[in-house]
Protein chains: 2
Amino acid sequence: MSDLLERLRGRGWRLTSQRRVVAQVLDGDHVHLTADEVHARAAERLPEISRATVYNTLGEMVSLGEVIEVSTDGRAKRYDPNAHHPHQHLICSNCGTVRDVHPTGNPLADLPPSERFGFAVSEAEVTYRGLCPDCG
Amino acid sequence: MSDLLERLRGRGWRLTSQRRVVAQVLDGDHVHLTADEVHARAAERLPEISRATVYNTLGEMVSLGEVIEVSTDGRAKRYDPNAHHPHQHLICSNCGTVRDVHPTGNPLADLPPSERFGFAVSEAEVTYRGLCPDCG
DNA sequence: ATCCTACGATGGACGGAGTCCAAGTCAAGA
DNA sequence: TCTTGACTTGGACTCCGTCCATCGTAGGAT
């Protein structure tokens, strides 16, 4: 994830140890951690990192388009570092596990003008739900 | 919405004034109120109705499949009484207004088996986002 | 019409998730 | 090395929602 750190520094970020650790925690595929989970893992490497800093850093990464925020249910938001590869999410209705999926088709094309109510529609987010192998 | 009340009574519900008022508040199309908004409107008709009762009643209606819970952003859940007409949602990225929409196509069919990871996929929820006419 | 009682309502305490703020710290340019 | 403004900290706070002990009442039984 030094890619991410490079991109962030290129945007004028001051590179602190806290930000470095948060970026490292978010590395990988199928990573969908809550802010508190990010905080817990970051604290393993940098014990005194604060929750506020984790929230700030995640929020900034989201604003910069480097991380996606996923509001699965009414619970805590999850953070998905896979922002540069368009995808949707498949969520287990029972245990909440999240997988990245790549449906065919383009949902935006499925919304006819008569159903747009004058909105400038820019995004379609698809959430699939069902039971995962472990919960099935 | 006496339809709804009839259905609920048919399911063994005790018909209290509180439940009646909540059901009345949820009547109509394009209704997507938060629990607190439901509480406020219910309280206009029945001043001493409690928040807990509103939450209980909404939760029961959701369990019975008479009302749909919509988690638009990370904020308060919204309650959509239009449960018997399948639809998706179009949300203004700026002001949060919600409209019911009816896309063509079936997103479930767009998720190939190889992208299902062994899940028993049962539901696909599509959320469109963009700027509404007022915010555009 | 009245009584009974289990189901529902109440409100206040509680919990989780997230934001805010004043004070202290430090990355990085001069 | 110095300086400074951006960053971090932790604790208080807000918002949304749940829980619980107690009280009230809908509606069947009589």
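**Chain architecture, dimer contacts and DNA-facing surfaces**

From the N terminus on, the elements of chain A follow the order α-α-β-α-α-β-β-β-β-β. Chain A thus named contains four helices and six strands, where helices (H or I, at least four residues) and strands (E, at least two) are DSSP runs numbered from the N terminus. Along the principal axes, the C-alpha atoms of chain A fill a box of roughly 50 × 40 × 25 Å. The model is predicted: local features need pLDDT of at least 70, side-chain atom pairs count only at pLDDT 80 or more, and totals for chains, interfaces and linings use all residues. Residues are numbered from 1 along each chain as its sequence is written, and chains are lettered from A and ligands numbered from 1 in the order in which they are written.

The relation between the two protein chains was examined by superposition, done by least squares on the C-alpha atoms of residues with pLDDT of at least 70 in both copies. Chain A is superposed on chain B by a rotation of 179 degrees with 0.1 Å of shift along its axis, at an RMSD of 0.1 Å. This is the relation of a two-fold axis. Among the residues of chain A, Val126(A) comes closest to the rotation axis, its C-alpha lying at 2.3 Å.

At the interface, 35 residues of chain A are in contact with 35 residues of chain B, two residues being in contact if their C-beta atoms, placed from the backbone, lie within 7 Å. On the side of chain A that touches chain B, two or more residues each come from strand S4 (88–92), strand S5 (98–101) and strand S6 (120–131) of chain A. S6(A) gives the most to this side, with twelve residues. By class, the side of chain A that touches chain B has 17 nonpolar, ten polar and eight charged residues; Ala, Val, Leu, Ile, Met, Phe, Trp, Tyr, Cys and Pro count as nonpolar, Asp, Glu, Lys and Arg as charged, and the others, Gly among them, as polar. The copies meet through the same surface, because 100% of the interface residues of chain A are also interface residues in chain B.

The DNA strands were considered next. DNA strand C is surrounded by 27 residues, of which the closest are Leu15(A), Lys77(A), Gln18(B), Ala52(B) and Thr53(B); a residue is near a molecule or strand if its C-beta atom, placed from the backbone, lies within 6 Å of it. At least two residues of the surface near DNA strand C are supplied by each of helix H3 (35–45) and helix H4 (51–63) of chain A and helix H2 (17–25) and helix H4 (51–63) of chain B. Eight nonpolar, eleven polar and eight charged residues make up this surface. Around DNA strand D there are 27 residues, and Gln18(A), Ala52(A), Thr53(A), Leu15(B) and Lys77(B) come nearest. Here helix H2 (17–25) and H4 of chain A, together with helix H3 (35–45) and H4 of chain B, each supply at least two residues. The surface near DNA strand D comprises eight nonpolar, eleven polar and eight charged residues.

Helix packing was described by axes, which are lines fitted to C-alpha atoms, for helices over the stretch in contact, with angles running from 0 to 180 degrees between N-to-C directions. The axes of H2(B) and H4(B) come within 10 Å and cross at roughly 65 degrees. H2(B) is therefore roughly perpendicular to H4(B); angles under 35 degrees count as roughly parallel, over 145 as roughly antiparallel, 65 to 115 as roughly perpendicular and the rest as oblique. The crossing of H2(B) and H4(B) is right-handed, a crossing being left-handed if the near helix is turned anticlockwise from the far one by less than a right angle, and right-handed if clockwise. Gln18(B), Arg19(B) and Val22(B) of H2(B) make this contact with Thr53(B), Val54(B) and Thr57(B) of H4(B). Two of the contact residues are nonpolar, three polar and one charged.

In chain A, the axes of H2(A) and H3(A) come within 9 Å and cross at roughly 120 degrees. H2(A) and H3(A) are therefore oblique to each other, and H2(A) passes H3(A) in a right-handed crossing. Val21(A), Val22(A) and Val25(A) of H2(A) meet Val38(A), Arg41(A), Ala42(A) and Arg45(A) of H3(A). This contact has five nonpolar, no polar and two charged residues.
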